[in-house]
Amino acid sequence: MIPTIGHASVLLGLGLTAYAVVAFVLSARARDDRLLVSARRAVYGSFAAAAIGCAAMMISLLTHDFSVLYVAENNATTTPPFISVISLWAALEGSILFWALLATGWASLVLWRDRDRHRALIPWAGATLAAINLFFFAVMIWPGNPFALTAPVASEGSGPNALLQNHPFMALHPPLLYLGYTGLAIPFAFGVAALVTRRFDEEWLRTVRRWTLVPWIFLTLGIVAGAWWSYEVLGWGGYWAWDPVENAALLPWLTATGFVHSAMVAERRGGLKIWTAALVIATFVLTLVGTFLTRSGIVASVHSFTQSAIGPWFLAAIVLALGGALSLLVWRLPVLVGGGRPSATVSRESAFLFNNVLFLGLTFAVLFGTLLPLLVASTSGDTISVGAPWFNTVTVPIFVALLFLMGIGPALPWGAASWSTVSRRFTVPLFAAVIVALAALLLGLREPISLGTLGLAIFVGGVMLDEVVRGARARAGATDEAPPTAAWRLATRNRRRYGGYTVHLGVLVMAVAVAVSSGLAVDRTVTLSPGESAEIGGYEVTHDRLVVERLASDPRVIESRAEVTYRGAQSGTLGTALRDYPNSQAAIATPAVRTSLGEDLYVTLLAFDQASGEVTLHLFVNPLVVWIWIGGAIVGIGAGFAAWPERRARAAPITERAARPAAAPVEGL
Amino acid sequence: MTRWLLPIALGGALALAALVAVGLVARDGSGDAAGRADALARELRCPDCQGLSVADSPTESAREIRRQIDDLVADGLSDDEVRAHFVARYGEWILLAPTSPLAWIAPFAVVVSAGLGLGAWLWRSRRNVGAAAPVGGVSADERRRLHEEAEALDG
């Protein structure tokens, strides 16, 4: 009964989105808004249909209804309720159902929020969003039906993917990532709408910037949460392996980040229309490419847990989206060319443009590295690998250049920078960077990458601090406010700028943490009998005993756990285990991580001998890793601050529009 | 006074950058046996994982390869000979970084040519602006002054 309801709701979603596509397109020409209203309601309806579908799947999982193939393959009678619920995205078909929920949710949100705005754009943006959602519903009817039934019905299922059961972060990382992915369809939809209606104006740009920034926040947090999950679960002491799926998430993030920056130049100076449209299109197509690469099984990855017939469908969708959008772009080329050009080689806008070169260069490098094994295999038949050593060597110089631009860009004036401005703003931070780096060198920091990144971070942070202090001081002088009040008011009245600085601060924190943790981490592998100890990075680690037992929460799982006492900067006991899941050939490591602000002690059990109680442990001391997650949170907070609706804009959109022409001559300089 | 402070700071920063570069090159060139074995383990792929290196992977086969690397290094083989040993046994696939120079050059070629292209475009448009008559009756000087005032207001 429940699976039938689920399947019916998917069919309903298909019908509603198909109707919405047609109604939106017709409403573009109609004088009457009733068609538009009904199309919008059809989208709300498709969201309700996807929600019913997800609820039906969750009920089937919670009640262990093994007549549903997806439940039989991803659930067992012993699966705890929490794991059953998050198994909605444990495998392909459920993921697509969940994906449809988020995609229809975003579409409903944008149509509801902008219901009284952008009358010309909305029909085409709505039609594009509905067409994308139609694709996902169609995938669920044909190649990836989540409610496919199986007979005879087994009395026990095979249980969820072992890796997904091991950490509560599985509840966080995929939803955040999917929210980012699905949300990036919105700028694409507005891009298509602008190309069709030729409305590439400032209003369009502001709308698209905000609707890019919000999904961007989720994508960023999703990527950071994924890295954190990888660190806490996979047991190799690292957080980023340049796995194809990690790259797939990074690619649209890079182009979206490039867009957020180039949009500022476009807004200031006009122009860059082709570039802006191309970035928006590329971002969306890359979200499809990522899904295609990993879900079709065409590249091997930790995430390609299912291979299925959806590959050709996604390939068709990519060709359609890319081909359609590019043809539209070429068709509208005459409207798009022209506009302002930067007037100086050294200025804030040229810094933004070089930033775009670097972001697009990174996108190319990551895409090239991800696809290279595929290209080589299809041309010469050789199998080659492209992994961390290649990606690190190629991307680190580009990341360092970006970090450098991040420091100088915001401090350069729009228009043209004079030598006196440059020297006024950069001298002190540069001195600070040199002095701090020299001090670190004298204190014993010899690792070149950590040292270089530290110096660069001090420079960039110094320039930023100077900007904030200068602004607050100017405002305090002009308004008689206390400096902290002045700083806060300044920030809330220039949300984008100060939100952007906060994002940059988070990036700096992450950069230093990544450089130091990869440069100064120590690790060793030791084999210990009960009672024996080993030394690692100032810690004494003692193996107390080996315990082999069944998990209380899921008796089908056997856990072999080394109980360990550690003394050093942190002291206490920990248990690090290997778990045998009935549906996994290899035992799954459950590393123990003891986190402090300065360093993590990370212990993985590699092997054990049950008879003697002897264990082989991989011990790591990873400095500053927690600051990567803290930096990620700062990035999210800063971007949230920047995207927060401004009071003025919400209360009186008409006055603001009226006020704009008066301000334009100054802004346009 | 500030006129010569920036060159000094720049000089210090460049010296530091050079130090970092020298440190990176020097680190790659030398190293004891354990350091060399570590570096090699990071370059070789664990045969039964998804893209993790031998150094990072906890699996039995990765640890077996790690032991072989230690033995080969102890036997006095050079880094290239160790790599060749594993390529002969597993194929090119075992190396995590491709050997073809094209694979290394392509990304940098794209970034550098795009950067040069943008630089040339900016340079040309700067000259055009310089040659053009004042826009809307506002002279270049006036534009700059207005601009600096707007910047100051902007914070």
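Hi everyone, let's start with a pair of strands: strand 2 and strand 3 of chain A run antiparallel and are joined by four bridges. Strands here are DSSP runs of E with at least two residues, helices are runs of H or I with at least four, and both are numbered from the N terminus. Two strands count as paired if DSSP finds at least two bridges between them.

Before going on, a word on what we are looking at. This is a predicted model, where local features need pLDDT of at least 70, side-chain atom pairs count only at pLDDT 80 or more, and totals for chains, interfaces and linings use all residues. Residues are numbered from 1 along each chain as its sequence is written, while chains are lettered from A and ligands numbered from 1 in the order in which they are written.

Back to our two strands. Their hairpin has two residues between the strands, and A:Gly537 there takes a positive phi near 45 degrees. Across the pair, A:Glu535 has A:Glu540 of strand 3 as its bridge partner.

In which order do the five strands of the open sheet lie? The order is 2-3-4-5-6 in chain A, with antiparallel pairing. Strand 2 (533–536) and strand 6 each have a single partner strand, so these edge strands have one side without a neighbour in the sheet. On average, neighbouring strands are turned by 25 degrees against each other, direction ignored; that angle uses axes fitted as lines to C-alpha atoms, for helices over the stretch in contact, with angles running from 0 to 180 degrees between N-to-C directions.

We can walk across this sheet. Strand 3 (residues 539–550) and strand 4 are antiparallel and share 10 bridges. A hairpin of four residues links strand 4 to strand 5, and A:Tyr566 is bridged to A:Gly572 of strand 5.

On to the inside. A residue is buried if 20 or more other C-beta atoms, placed from the backbone, lie within 10 Å of its own, exposed if 12 or fewer do, and partly exposed in between. A nonpolar core is a set of buried Ala, Val, Leu, Ile, Met, Phe, Trp, Tyr and Cys residues joined through C-beta atoms within 7 Å. The largest such core has 220 residues, and A:Ala513 is one of those touching the most other members. Helix 10 (residues 202–233) of chain A gives this core its largest share, 18 residues. A second, separate core has 22 residues, including A:Tyr539 and A:Tyr602.

Beyond its neighbours within four places in sequence, A:Ala513 is in contact with residues including A:Leu624 and A:Trp627. A:Leu624 is worth a stop: phi is near 60 degrees, a positive value in a residue other than glycine. Is A:Leu624 buried or exposed? With 22 C-beta neighbours inside 10 Å, A:Leu624 is buried. A:Trp242 also has a positive phi, about 55 degrees, without being a glycine, and A:Trp242 lies in the loop between helix 10 and helix 11 (244–269).

Finally, chain B. Chain B has six helices and zero strands, and 23% of its 155 residues count as buried. How many residues of chain A are in contact with chain B? There are 64, facing 51 residues of chain B. Helix 15 of chain A supplies the largest share of that side, 11 residues.

Note on methods: Two residues are in contact if their C-beta atoms, placed from the backbone, lie within 7 Å.
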